[in-house]
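This report covers a sheet, a helix pair and a chain contact. The structure is shown first.

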Amino acid sequence: MSTIHVPTMAEMMAQGQTPDILFWVGCSGSFDDRAKKITKALVRILNECKVNFAVLGAEESCTGDPAKRAGNEFTFQMQAMMNIQVLNGYEIKKIVTACPHCFNTLKNEYPELGGKYEVIHHTQLIQELINSGKLSLKGGGVFKGKKITFHDPCYLGRANDVYEAPRILIEKLDAELVEMKRCKSNGLCCGAGGAQMFKEAEKGNKEVNVERTEDALETQASIIATGCPFCNTMMTDGVKNFNKENEIQVLDVAELIANAAEL
Amino acid sequence: MIAAIIFSVLLIVGFGWFGVNILKIRSNILMGRDTDRKDKPGERWKTMALVALGQKKMFKRPIPAILHLGIYVAFVITQVELIEIIYDGISGSHRAFMASLGGFYTLVISIIEVLSVAALIATIAFLSRRNILKLARFQKPEMKGFPTFDANLILVMELILVCCIFTMNGADEALYLRGASHAAHEAGTFGFAISSWVGPHIFGGMSTETLLVLERIGWWGHWFMVLAFLNYLPYSKHFHILLAFPNTYYSNLEKKGKFTNMEAVTNEVKLMLDPTADPFAAPAPEGAPQRFGAKDITDLTWKNLMDSYTCTECGRCTASCPANITGKKLSPRKIMMDTRDRMVELADGKRKNGKDYEDGKSLLFDYISEEEVWACTSCNACVEACPVNIDPLAIIVDLRRYLVMEESKMPTELTGMLTNIENNGAPWQFSPADRGNWIHED
């Protein structure tokens, strides 16, 4: 595995350079050990395609999404205003992120507060890179012929109507894309959204991620693909709940592509 | 003559009372805060045409969609016949449009009859689904009592209406066959699609006197059912047949993931972040300070309130809600029903006791519990599932905002998460300086 090259905005600025796109890593992608692997898979793809990108590093801060969904508009807007100051200060025009929550907040909720950027999800960027010939896959590699199911993140799918980009990428792997009975606009939440990730669930008879994992198990897929670090955590826990962690992998679409491209 | 007077009095009282109730509902809805839903009229008309008129979202489930379409189209087309009923009723004529419209009249009534059969089948199917098959989404706790009675009553009224139509047309056909119909002087047939069969086969053996009475029972029954239906609507979940249209017109056209940014908060945050701002120089806000979020229905927008009146309690939202599916107390349908019931309660109280009347109750706490509010994953499944573009999530979020910003009431883990964001710029307790560490880790 080659070493990764990740310039920060501050470094680029010091050298008088401007990136074409900012990679918004997000809290999960920066701090969560599992999600960091997704972050690095995306960086490897960006490096391979020689994308002129940068990250904010220590200057990045939570978008405020969990605060807003939890009902704390003050904390959200404080975060948003501070982030917008940083982003506008660097004259950022385009942002890519691997987290649908950051994606939704930056894309839909920042503009009214003065932060207007073109924001894309990493699956959309990877699709662009493949379409433009910058990234080529020599077949699906280890994933060839495998059954893969895609779990739609709520904040990518229903919230922003992005259903196709991740599916097109999975099909590039020569794998068999199998749909769960509840998919696309009818997809079932993993249970993490709306700040649920950070609290115990209310009293009920089941955990949401267990219910969702059952949908995935029903498809007989050997890989559950996601496009969200929180869905990834929830589905991984769900698979463990059924003691299937040796048979079923939970992987981000970026990891699938990076692996298939042998990056 | 007496019949025409009775008819006209019923017409005026029936439609007048309906009008009074419509105005009442309008003023109830306008108890909500203002929100701008007048932009992009082209897109709004299109949404209404597709979702309300075209029933686009119903067709996610084809079988109930086709049954529902049967009732819907039958209902709309039957209103054409109402024009003749009103004309006949006032003037004392019998089938006044038959002679002048000729074959077209036969066609229109035949279409009404065929659709009425479709509606009859659909109504029986719907009654069976609710009462024999006991579909899970109709058996939830919020459906106990009046909501279940209401749903069945509407279906039974539709059954009676269809029976009246065939009693009227069938008896008249049997009369016509023996030359005794008021519609014509000699013997003949109307040639209507269904009553050509119903007439001779069901009513053929009856005496002319009986048939004349039955025909009138069918005709007056039809008229009574129309008035009863019309005046029951404002008290029923069935009001969706009217409000579906404005409600879809005023749909949220933004991406579902976009939550509103609270302007009052923006102003405060800007003051806090601006080093040159003098907080004492800021002009005092006009009027009473607005509450953050929603505690009661007057804190919600008129669109939230219109949503609640539009809800027909089908429960597709609840059936798709991850919290409800996994046994939590939250049911998006209950959120809508509670909002409507609380609005009506407060509005009636204010009408009785003056506009400053407060009853000490509120939507949050008295109707909707904190447990329900916190069980939501904000996944938008309920919003997606609703065939008439109702948004239960918007209400849930506003209730959360009130709990957090006005009362600091939230699950303890969330307090910690919010503190972390404020102090560390992440929902977990990591140092912001370490955010870029992953770059150099193996």
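Angles under 35 degrees count as roughly parallel, over 145 as roughly antiparallel, 65 to 115 as roughly perpendicular and the rest as oblique. The model is predicted: local features need pLDDT of at least 70, side-chain atom pairs count only at pLDDT 80 or more, and totals for chains, interfaces and linings use all residues. Residues are numbered from 1 along each chain as its sequence is written, while chains are lettered from A and ligands numbered from 1 in the order in which they are written.

Helices (H or I, at least four residues) and strands (E, at least two) are DSSP runs, numbered from the N terminus. Axes are lines fitted to C-alpha atoms, for helices over the stretch in contact, and angles run from 0 to 180 degrees between N-to-C directions. In chain B, the axes of α6 (residues 146-177) and α7 (residues 195-203) come within 8 Å and cross at roughly 75 degrees. The helices α6(B) and α7(B) are therefore roughly perpendicular to each other.

The contact between the chains (C-beta atoms, placed from the backbone, within 7 Å) takes 56 residues from chain A and 53 residues from chain B.

Chain A has an open sheet of four strands in the order β2-β1-β3-β4, with parallel pairing (at least two DSSP bridges between two strands). Its edge strands, β2 (53-54) and β4 (118-121) of chain A, each pair on one side only.

Methods:
Contact = placed C-beta atoms within 7 Å.
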